Amino acid sequence: MKYAVIDKGELGRWFDSLKEKGKIYGPKKKENAFVFRQVKEFEEMSLLYTPTILPPKKYYFPQKEFLFKFKIDPFSTGKAIKEFEEFILFGVHTCDIAGIQCMDVVFNEKPADPNYLNRKEKMTIIGIECMDYCDKYASCAAVGTHVYKGGYDIMLTDIGDSYAMHINSEKGENLVAGKKYIREMTEADREKFNKAFEEKLKKFHNEFEGELKEVDESFDKGFSSPVWKDVGDRCVGCTNCTAVCPTCYCFDVVDEVSLNLNDGSRYRVWNYCQMDDFAKVATGEDFRQGRDARQRHRYFRKFKYSVQKYNKYFCTGCGRCTRTCMAKISLVETVNSLLAERRGK
Amino acid sequence: MNHTDQAFQEILKTSPYKPMKAKVVRAHKYTEHEKFFRIELDGKKELGHAPGQFVQVSLFGQGEAPISICSSPTQKGSFDLTVRRIPGGVMTPAIHALEAGSVLGIRGPFGNAFPLDKMHGNNILIVAGGLGIVPLRSLINYILDKRKDFGEVQILLGCKTPKDMLFGDEVAQWQKRADIKFNCTVDKADPDWKGNVGLITSLIPGVTLSPKQTYAVVVGPPIMYKFVIGELLKKGIPEHQIVVSLERKMKCGLGKCGHCQIRSVYVCQCGPVFTFEQLKEMEGECHEGECHVKA
Ligand SMILES: Cc1cc2nc3c(=O)[nH]c(=O)nc-3n(C[C@H](O)[C@H](O)[C@H](O)COP(=O)(O)OP(=O)(O)OC[C@H]3O[C@@H](n4cnc5c(N)ncnc54)[C@H](O)[C@@H]3O)c2cc1C
Ligand code: FES
């Protein structure tokens with residue numbers, strides 16, 4: 001839509017003005033890592049951060065989500081769709097915004113998911129652009145999420161002593177309207193902005209040893225690759241990779257009954273395709289046996305099935321699965337091994 | 001978001017997770033492990049299903065289980081389920097505890113259905129192994145009610161022993177009808193059994209339907225597919241006319257939770273009914289019995 005500029009010294013003031021819109025969640029330092037948490041004061045936030053342990057997914061697809069209340073006897077169900085409050089995600093990386101865009105596609109697909117759509121409707125996203133790699137695990141350039149491609153209301157880009165603001169929605173416009181300390185982008189600002197972008201692009205490079213098109217082909221051919229056995233041999237089945245992924249959305253549906261044994265609620269809770277009983281049915285038949293098959297499934301859900309189903313890569317390059325893996329399985333290495341194999345090495 | 005305001009408001013009105021209230025109007029045990037239920041939705045609402053679809057049976061406090069609808073849509077005002085009790089399971093023993101008058105929750109119907117449009121006018125060969133007769137009963141009764149819409153019809157039924165036979169009263173009727181062929185076999189006979197003994201595959205060579213005009217619908221355990229599909233191919237029935245129904249773990253029925261996925265396919269939405277042609281594309285992720293055919 002349009003660009004504006006805010007001096008760095010004024011960002012706190014703007015942040016304060018957002019509080020009236022609803023709760024604000026942003027990146028905070030926690031011991032040696034970062035997490036998304038509610039932020040009450042601007043200073044609590046760390047806007048320069050490596051991806052948080054969990055993506056902000058927990059705010060729009062909660063780990064345990066209430067579906068409805070029930071009574072066993074007499075059979076009855078309560079209101080299913082709750083009113084949610086407006087909230088703001090502040091300082092979201094472009095990789096995590098790409099993750100939200102993936103979830104949008106999944107939950108808009110018929111039958112559409114009212115819980116997700118309802119939360120999403122109440123959500124305002126203020127992104128922040130990374131001007132350099134967060135660490136060695138990211139592979140955002142390979143999947144093109146190191147630059148912004150929509151999905152936010154406002155995007156902040158560090159251009160020295162100020163932030164450029166890309167205002168991308170009506171919601172975003174309302175957040176800057178009438179703020180005297182936010183100005184239109186001048187020629188000089190624009191030059192700084194372009195320069196910053198140029199400098200940034202020099203720092204990023206394709207982390208995969210091949211273009212996406214080739215990655216795509218290597219997955220086409222790689223279903224029976226020995227790479228999966230290697231990954232499966234190392235995998236300890238801890239499910240961390242799927243727990244931290246911004247585009248994993250598998251779940252279970254569970255009931256909780258209160259002490260009177262008659263009232264209760266049904267929830268959906270995150271569940272992981274890396275668990276050994278994920279595809280196992282009551283008769284004992286396991287339709288995805290072995291860690292190799294389960295890891296392969298995870299990778300294919302990011303690089304192949306999502307492309308077939310939604311025409312979209314579901315890897316956002318955030319690097320979380322690699323960062324968190326107890327067995328040091330690296331997404332970049334796995335993809336590169338597939339590429340190498342395809343080239344006949 | 002691609003929804004108009006109005007469409008968005010529609011979506012928010014209700015939750016696809018919320019079951020409808022329903023009541024058991026008839027319940028009886030067919031075998032030691034399998035129990036039949038006739039069910040009415042609140043207000044005698046029609047379920048509106050097609051043969052091959054399933055529902056999620058919901059018992060609050062216990063959870064949900066996907067169960068095939070075993071009655072034909074031509075049966076109005078109610079529908080039928082038949083449930084095998086799995087020792088150590090949560091839902092199936094709880095469902096077995098239901099009796100006439102019990103209240104339960106129903107979501108659905110879910111899934112695609114047997115390709116009736118394509119099957120119309122063709123010969124139909126139905127191959128049911130074990131519990132496979134449950135979803136096939138819906139199809140069989142539909143075909144019998146619309147008999148003139150189909151060509152020749154032959155039913156092959158296999159069970160472990162005569163005691164395991166489901167829908168015995170109806171099977172006796174099918175056996176008597178002149179407008180269908182019916183064959184039955186058991187793996188192991190008992191002294192009263194007068195029919196065939198042997199695996200269901202042994203009945204296929206005797207099938208005389210002209211293969212190119214025949215749709216074969218096969219439902220049974222994965223291991224059965226391996227052998228039956230091989231025999232059907234030998235008969236010359238084209239791959240896209242061999243139809244199966246798959247079992248997978250399911251939690252939502254909505255194409256979201258991921259449990260039922262085979263490669264990029266969500267069985268709860270795109271299945272559970274597939275042709276053998278489609279199964280072959282899912283190779284590697286489908287059970288070895290399902291797509292590795294023994295020819
Ligand atoms: C499309 C479809 C149709 C089916 N139709 C019938 C039928 O007509 N009659 C019948 O007796 N059985 C049917 N089944 C199998 C039946 O759903 C399982 O036996 C049942 O879910 C086991 O539940 P449980 O709680 O007793 O076992 P548990 O092992 O305690 O299962 C716990 C939960 O895991 C899931 N689960 C376990 N096994 C299965 C499974 N095989 N399929 C899907 N989810 C599973 C369910 O959500 C279940 O509630 C069908 C399965 C599918 C997928
Ligand atoms: S049962 Fe949840 S996706 Fe199919």
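This is a predicted model: local features need pLDDT of at least 70, side-chain atom pairs count only at pLDDT 80 or more; totals for chains, interfaces and linings use all residues.
A quick word on conventions: residues are numbered from 1 along each chain as its sequence is written, while chains are lettered from A and ligands numbered from 1 in the order in which they are written. Local features need pLDDT of at least 70, side-chain atom pairs count only at pLDDT 80 or more, and totals for chains, interfaces and linings use all residues, with side-chain values taken over heavy atoms and hydrogens and water left out.

**The ligand site**

Let's start with the shell around ligand 1, where a residue counts as near if one of its heavy atoms lies within 4 Å of the molecule. That shell holds 24 residues, and the closest are B:Glu64, B:Pro66, B:Arg84, B:Met91 and B:Glu247. Chains A and B both supply residues, so the site is shared between chains. Within chain B, domain 1 (3–110) and domain 3 (246–295) each contribute to the shell, so ligand 1 lies between them; the domain bounds come from an automatic or database domain assignment.

Which atoms of ligand 1 pair up with N or O atoms of B:Pro66, B:Thr82 and B:Lys251? The table has them. The cut-off for a polar contact is a pair of N or O atoms within 3.5 Å; within protein, one must be able to donate a hydrogen and the other to accept it, and residues adjacent in sequence count only if both atoms are side-chain atoms.

| Residue and its atom | Ligand 1 atom | Distance |
|---|---|---|
| B:Pro66, polar backbone atom | oxygen | 2.6 Å |
| B:Thr82, backbone N or O | nitrogen | 2.8 Å |
| B:Lys251, side-chain N or O | oxygen | 3.3 Å |

On its own, ligand 1 exposes 820 Å², and the protein buries 88% of that (areas by the Shrake-Rupley method with a 1.4 Å probe; for residues, only the protein chains shown count as cover). The elements of chain B that give two or more residues to the shell are β4 (63–68), β5 (79–84) and α2 (91–96). Of these, β4(B) gives the largest share, five residues. Helices (H or I, at least four residues) and strands (E, at least two) are DSSP runs, numbered from the N terminus.

By class, the shell has 14 nonpolar, four polar and six charged residues. Here Ala, Val, Leu, Ile, Met, Phe, Trp, Tyr, Cys and Pro count as nonpolar, Asp, Glu, Lys and Arg as charged, and the others, Gly among them, as polar.

**Cysteines**

How many disulfides (pairs of cysteine sulfur atoms within 2.5 Å) turn up over all chains? Zero, in a search of the whole structure. The sulfur of A:Cys134 has its closest cysteine sulfur in A:Cys130, and at 6.1 Å that is too far for a bond. A:Cys134 is partly exposed at 25% relative accessibility, while B:Cys260 is buried at 2%. Buried means under 20% relative accessible area, exposed over 50%, and partly exposed in between (1.4 Å probe, protein chains only).

**Other residues**

B:Gln261 sits in strand β13 (residues 261–262) of chain B and is buried, at 4% relative accessibility. Its side chain makes polar contacts with the side chains of A:His297, at 3.4 Å, and A:Arg301, at 2.4 Å.

Over in chain A, A:Ala282 is in the loop between β12 (263–270) and α11 (291–303). Is A:Ala282 buried or exposed? Exposed, with a relative accessible area of 59%. A:Tyr163, in strand β9 (residues 162–167) of chain A, is buried at 9%.

Notes: A disulfide is a pair of cysteine sulfur atoms within 2.5 Å.
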